[in-house]
Structures are given as C-alpha cells and as structure tokens.
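Hi everyone, and thanks for coming. Please take a look at the sequence and the model on the screen, and then I'll walk you through a few places in it.

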Amino acid sequence: MRQRKSNEGNKKEHGTVKVSNESIDDTSCGSKTVVKSIIVFTVMLYVAIPLMLAFIPQIVEQIVFMNLYYAKNEPASLSQPSTQYELFGTASFRMQCDNDELGVWHVLPKSKMTEYKEDDVLTSDVVRTHLKDAEHVIVYHHGNGMSRGTGDHYQRPELYKLLQSQGYHIIAFDYRGFGDSTGWPSEKGLVNDSLCILNWVRGSIATNAKLTYWGHSLGSSIATLAAKKAADICEKDHNLNTGYKIDNLILEGALTNVRQGAEDSSLSQIFMVIYPKSIFRFVLENALTVKDISLSTINDISKVNCPIMLLHAEDDSDIKCKHSDELYVAVSKATQTDRRKRIEFVKFKASHGYGHMDIYKAPELPQLLSNFLTDKDNSDRVVTL
C-alpha cells in the first residue's frame, strides 16, 4: 500500500514537473516573439522608414504638395461653383498653360451679380467682358491639399464670398495636378501656372486696373516666387511690358521656406523626438533637393517691387508666426532703399482662435484690406489685433 502511494506520489511529482517545463517553454517562446517584434519594429523605425524617405523622394514631395488629398467627387464638382459651393456669379473654365490645362474660377463682385440669377450658368466669355471695366482683381493662390473650392475648413469659398462682397473680382485657380487641373506639381510648374494666369488677367483688364496677388500657406511661396519673376520680366523690358505687372502682394500664413516650414510642423516635431535631428534634416534635404523644391519665400520677397501685406495668427500651429516675423524683417531692410516697396504686418492674437485657416473671419479684415489696397497708410508697420 505504501509502495502504491509512493508510486502515485511520484507520478504526481513527475506530472507537475512536466507541466512546469511546458510553461517555461511557452514563456520562452513568447519572450523570443516579443524580442523579435521589438527588433523588427526598431529596424523599421530607425532604418527602413528613413531609407524609404531618402530613396523615395516622391513621399516627401506628396507631403509638401498633398495634391492627391481632396474630398470625394471634388474634381467633378468644381465645374459647378454656384450649385456645389454657393458661389453665385462665378464662371468655371479651363486655361492652357504649358502642356497642361488649369481649372479656373472667375468670381464676380457683388455689384455685378444683379445682372444674373443665382442659378445662371456663367461662361468665361460672358464673365470676361466684365474684366474690361474691373477696377481691382485679386488672383488667389491656395495652399497645399484639396482644391480652389475647398480647404480643410472649406474656408477658401468663404474668403471669396467676403472679397466678392467688398467689390473685388477674384480669380481662383488650381495648379497643375490639383483639383480638376491636369499634370503633376513641381515648384517650377506651379510658378509657371501663376504667371500664365497673371498674363491672361493682365491681357483682359484695363491698363490702369489694379491687380493683387494673394497667397495662403504654400500659395504664399508660389505667389512670391511668381511676383519676383514678374518683376524681373518688367524690369528687363524697362517696364514697357505691363503684361506681368503686380500692384500688391498679400501673404496669409506665409512660410520662409519649405525646409523650415517642414521642421516646424507638428508631424516633424514628432519625428525629431524619435530620430536625431541630423538624420531627419539629411533625409528631408535629400528629398527636397532631388525634387528641386525649396519654396524659399525669404530669398525672393525682398526682390518683389510692390507693397506687401502679411497676415498671420499667433495661434497658427501649422506655420508658426515667427515665419512672418522673419519675412517682415527681410522686407523692411529692402524698403529703406526702394520706396516702391513697403510692408504691413498684421498679427491676430491667439485668443481669436483663427489658427492657420480662419483669418477670413476677422471682422477688421475688410477695412484692413481697403486701407492697404488704397495706399491710405504708406509706412512700414506691425499691427496686433
């Protein structure tokens, strides 16, 4: 009996030991799996992703332009600005530039809308007749992503409506590769698009009509680079060629250059916590160099020979207000020797909550624009509202 109990005890002991070994094996396998996962994740994070960004510069290019980011059915809706965006008195048409076709809107000022019904479909020929007696035309350069008809907050049509109510003609267009325009974006291509629009508008309005460039975010760089090229063309022709004359430049949420703008972005700040700054900057510089993207507003802005207005919200988290601070300093130095140039910088306090998109909501904006565009104050100044 004792022998049987002893054997049973041994069996239990052996059974217990056997289960324990299996548990140890399972734990060991689980630990190895976790370690492997950590190693794979670390390699992906610190090796694969930087290499991918370095050797596939199209990824960084897309982060800069974001031309593939748009709302569902957005390209098709752009041909119907009145019904789709409630932009009454607006013609949608297409314009040839290089080998591409650009989608364009011409928004009539409110005073001209009385001649048409809200549901009237206006053709470019009909609306172009109104350009002949236009007093002031604003050419709008939108930022990255989406189209001339949207923006993250759908703020672009709302700005057009505000300008429309103030009596301005607005020309809004999509760069190549954006919205319903054909082609693919590049820095040089976007600047050429702007110059094509400029030359067309100048050829459609009276010689004494005013033409203002307005750029927001990425569009501020495109507008500035194009304005500098336009100034070069005019000076080369001893100002006899008025087809490229720009009277004013308004930059909203502007950036000094794309590299600095990228480094200051929220996404990049996360990257620079994970990666050493030297690696991040190498990857970024390499991709931008390969795709020939610099968007250096600060290099060209002081060479623009017309009055400039900067608009920036202090709570702008996409492009920090310090970018406009630097642009203001650069232009202020140039105005001391060339009085054709002057600059006004309007900062909006963070308490308003305008951020990167909503400066158009500022109740002071219409009067600020009127004073600036009519030269009521011709001195350099910084205003905080």
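This is a predicted model: local features need pLDDT of at least 70, side-chain atom pairs count only at pLDDT 80 or more; totals for chains, interfaces and linings use all residues.

Residues are numbered from 1 along each chain as its sequence is written, and side-chain values use heavy atoms, with hydrogens and water left out.

Let's begin with empty space. Rolling a probe the size of a water molecule over the atoms shows where empty space is left. The search uses a 1 Å grid over the protein atoms alone: a cavity is a set of points where a 1.4 Å probe fits but cannot get out, and a pocket is an open set with protein on both sides within 12 Å along at least five of seven lines. Lining residues have an atom within 4 Å of a point. Grid points are joined across faces, edges and corners, and a volume is the space filled by probe spheres set on the points.

How many cavities of 30 Å³ or more does that rule give? The count is one. The largest cavity holds about 50 Å³ of space, and its lining is made by Tyr140, Gln155, Leu159, His216, Glu252, Met357 and Tyr360.

Now the largest pocket, which has a volume of about 870 Å³. Its lining has 36 residues, and Ile63, Asn144, Gly261, Ala262 and Ser265 lie nearest its centre. By type, this lining divides into 22 nonpolar, eleven polar and three charged. Which helices each supply at least two residues of the lining? They are H1, H2 (58–65), H9 (258–264), H10 (266–274) and H11 (277–290). Helices (H or I, at least four residues) and strands (E, at least two) are DSSP runs, numbered from the N terminus.

Next, the surface. Leu51, Met52, Phe55 and Ile56 make a nonpolar patch of about 410 Å². Patches take residues with over 30% relative accessible area and no salt bridge, joining like charges within 9 Å and nonpolar side chains (Val, Leu, Ile, Met, Phe, Trp, Tyr) within 5 Å. The areas come from the Shrake-Rupley method with a 1.4 Å probe, and for residues only the protein chains shown count as cover. Phe55 sits in helix H1 (residues 2–55). Is Phe55 buried or exposed? Phe55 is exposed, at 67% relative accessible area. Buried means under 20% relative accessible area, exposed over 50%, and partly exposed in between (1.4 Å probe, protein chains only). Over in H2, the buried residues include Val60, Glu61 and Phe65.

On to charges. Side chains of opposite charge can pair when their charged atoms come close. A salt bridge here is a side-chain nitrogen of Lys or Arg within 4 Å of a carboxyl oxygen of Asp or Glu, and the whole structure has 20 of them. Glu285 pairs with Arg259, with the closest N and O atoms 3.2 Å apart. This pair links distant parts of the chain, Glu285 in helix H11 and Arg259 in helix H9, 26 residues apart.

Another salt bridge joins Glu344 and Arg381 (3.0 Å, N to O). Glu344 lies in strand E8 (residues 343–348) and Arg381 in strand E9 (residues 381–384), so the pair ties together parts 37 residues apart in sequence. Glu344 is buried at 2% relative accessibility, whereas Arg381 is partly exposed at 27%.

Last stop, the backbone. Most residues other than glycine have a negative phi, and most peptide bonds are trans. Ser217 is not a glycine, yet its phi is positive, about 60°. Ser217 is in the loop between strand E5 (210–216) and helix H8 (218–236), and it is buried, with a relative accessible area of 9%. Asp292 also has a positive phi, near 55°. Asp292 is in the loop between H11 and helix H12 (297–300), and it is exposed at 59% relative accessibility.

Key: Ala, Val, Leu, Ile, Met, Phe, Trp, Tyr, Cys and Pro count as nonpolar, Asp, Glu, Lys and Arg as charged, and the others, Gly among them, as polar.
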